[in-house]
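Thanks for coming, everyone. Let me put the model up, and then we'll walk through it.

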Amino acid sequence: MKKTALPRYLALGTALITGAAALTACSSGEETVVSSGEGPLAGICPETVVIQSDWEPEAEHGGIYSLLGSEYTIDTDNKSVSGPLVIDGEDAGVNVEIRNGGSSVGYQSPQALQYQDRDILLGYGRVSEYLTSQADTPVTAVLASMEISPYGIYWDPATYPDVKTIEDLGKTDATISVGTTGEMWIEYLVGKGVLKREQLDLSDQNKPAMFVAAGGELAEAGFITAEPFMYEVEIPEWGKPVEGQLIHDTGYEEYFQALTVRSEDVTAQAECLSALVPIMQKAQNNYITDPEATNDLIVELVSEYDTGWVYTLEGGEFAHDTGVELGILGDSAEGITGQFDLDRVQSLIDIVDEYGPVDVSGITPEDLVTNQFLDTSISLEGTDK
């Protein structure tokens with residue numbers, strides 16, 4: 001994943017990280033908290049299930065961070081957190097280690113890191129992105145952590161009062177800061193005539209400074225679960241609402257932050273994944289229904305890692321609530337937590353085949369995702385909301 005494609009913003013003189021909640025934790029060099037070694041994953045999964053994140057801690061990662069209980073170890077040197085893997089308050093018999101992404105790993109993709117370090121079992125990935133690198137680093141997603149991608153485009157409604165959709169924005173002369181090149185959603189929207197290529201600013205602009213400096217003339221790509229709150233509440237130089245639309249609503253139905261394994265591990269780690277993935281489905285729903293402790297942990301990690309990433313508890317609460325409201329965090333159309341729609345995956349393959357630089361016509365949805373490890377009885381409907 002490219003640095004410029006990643007969401008949110010780094011530390012600004014006008015923005016401060018809020019104080020972290022007081023949870024039980026250890027810092028680097030202190031005693032490590034470990035699993036009892038007794039539970040449903042003991043003996044069938046690695047003693048430590050390592051998950052590689054694609055970015056800094058944020059609410060969009062809530063499902064994996066909710067695997068940690070109240071006792072954990074924060075490694076401030078290596079930018080990771082570990083502890084017993086816990087579900088519904090019970091030790092599952094192994095440890096979980098969640099490694100930071102972004103600047104901590106030189107902005108490398110989780111897929112690349114999964115092949116550099118075989119200790120990594122799971123990593124986040126966007127289906128339309130990792131399918132272009134399947135020849136070198138083949139991965140298969142085993143859980144859709146989001147039903148809908150939170151990525152979108154937003155604008156100042158006072159400057160563009162007639163703009164209600166991304167398509168409307170494409171009919172204006174607005175410059176849209178997308179901060180990257182080669183993204184499939186960009187090629188899709190330009191190819192479909194929704195946006196004009198000359199509208200797009202692909203430079204790595206300083207967010208949010210450039211948006212604020214443009215005084216409403218600039219539109220921007222980012223997370224609908226984050227930037228609207230950031231601009232209205234956390235950036236006093238702007239301090240007013242923005243409006244936006246999900247790119248998903250244009251027909252580009254990405255599976256964002258899907259949890260992948262090396263494709264060979266679909267077979268090699270089948271016993272582990274059969275037990276682990278349903279636990280992760282439950283953890284995802286636990287975060288959706290009761291996010292408070294996990295959001296506290298996320299903010300604490302941001303403070304402890306001290307990478308320059310800015311994240312507040314209020315921002316995490318907005319991300320969670322907006323994600324639930326928009327169906328970003330939710331079940332599949334069939335009512336199953338974490339399920340992939342293979343027709344939807346095929347549509348992504350078709351888009352990349354038409355607009356991308358790599359021939360992917362020989363790739364099938366089954367090469368990219370699998371639902372085989374899901375417990376189809378797990379859904380939000382069956383969770384105490």
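How are H5 and H12 oriented to each other, roughly parallel or roughly perpendicular? Keep in mind that this is a predicted model. Look at the axes first. Helix H5, residues 184-191, and helix H12, residues 342-355, have axes that come within 10 Å. They cross at roughly 75°. Angles from 65 to 115 degrees count as roughly perpendicular. So H5 and H12 are roughly perpendicular to each other.

Who makes that contact? On the H5 side, Met184, Glu187, Tyr188 and Gly191. On the H12 side, Ile351, Val352 and Tyr355. By class, the residues of this contact are five nonpolar, one polar and one charged.

Stay with H5. Seven of its eight residues are buried, so H5 is largely enclosed by the rest of the structure. The buried ones are Met184, Trp185, Ile186, Glu187, Tyr188, Leu189 and Val190. What do they pack against? Three helices: H3 at 127-130, H4 at 166-170, and H12. Also three strands: E8, E10 and E11. After H5 comes glycine 193, with a positive phi near 80°.

Now the E9 and E10 pair. E9 covers residues 175-177, and two bridges join it to E10. The two strands run parallel. Serine 177 has aspartate 201 in E10 as its bridge partner.

Last stop, the disulfide. How many does the structure hold? One. Cysteine 45 pairs with cysteine 272, and their sulfur atoms are 2.0 Å apart. The pair links distant parts of the chain, 227 residues apart. Cysteine 45 lies in the loop between strand E1, at 25-26, and strand E2, at 48-52. Cysteine 272 belongs to helix H9, residues 270-289. The link is right-handed, with 100° about the S-S bond. Are these cysteines buried or exposed? Both cysteine 45 and cysteine 272 are buried.

That's the tour. Over to you.

Methods
Residues are numbered from 1 along each chain as its sequence is written. This is a predicted model: local features need pLDDT of at least 70, side-chain atom pairs count only at pLDDT 80 or more; totals for chains, interfaces and linings use all residues. Side-chain values use heavy atoms; hydrogens and water are left out. A disulfide is a pair of cysteine sulfur atoms within 2.5 Å. Helices (H or I, at least four residues) and strands (E, at least two) are DSSP runs, numbered from the N terminus. Buried means under 20% relative accessible area, exposed over 50%, partly exposed in between (1.4 Å probe, protein chains only). Two strands pair if DSSP finds at least two bridges between them. Axes are lines fitted to C-alpha atoms, for helices over the stretch in contact, and angles run from 0 to 180 degrees between N-to-C directions. Angles under 35 degrees count as roughly parallel, over 145 as roughly antiparallel, 65 to 115 as roughly perpendicular and the rest as oblique. Contact means heavy atoms within 4.5 Å. Ala, Val, Leu, Ile, Met, Phe, Trp, Tyr, Cys and Pro count as nonpolar, Asp, Glu, Lys and Arg as charged, and the others, Gly among them, as polar.
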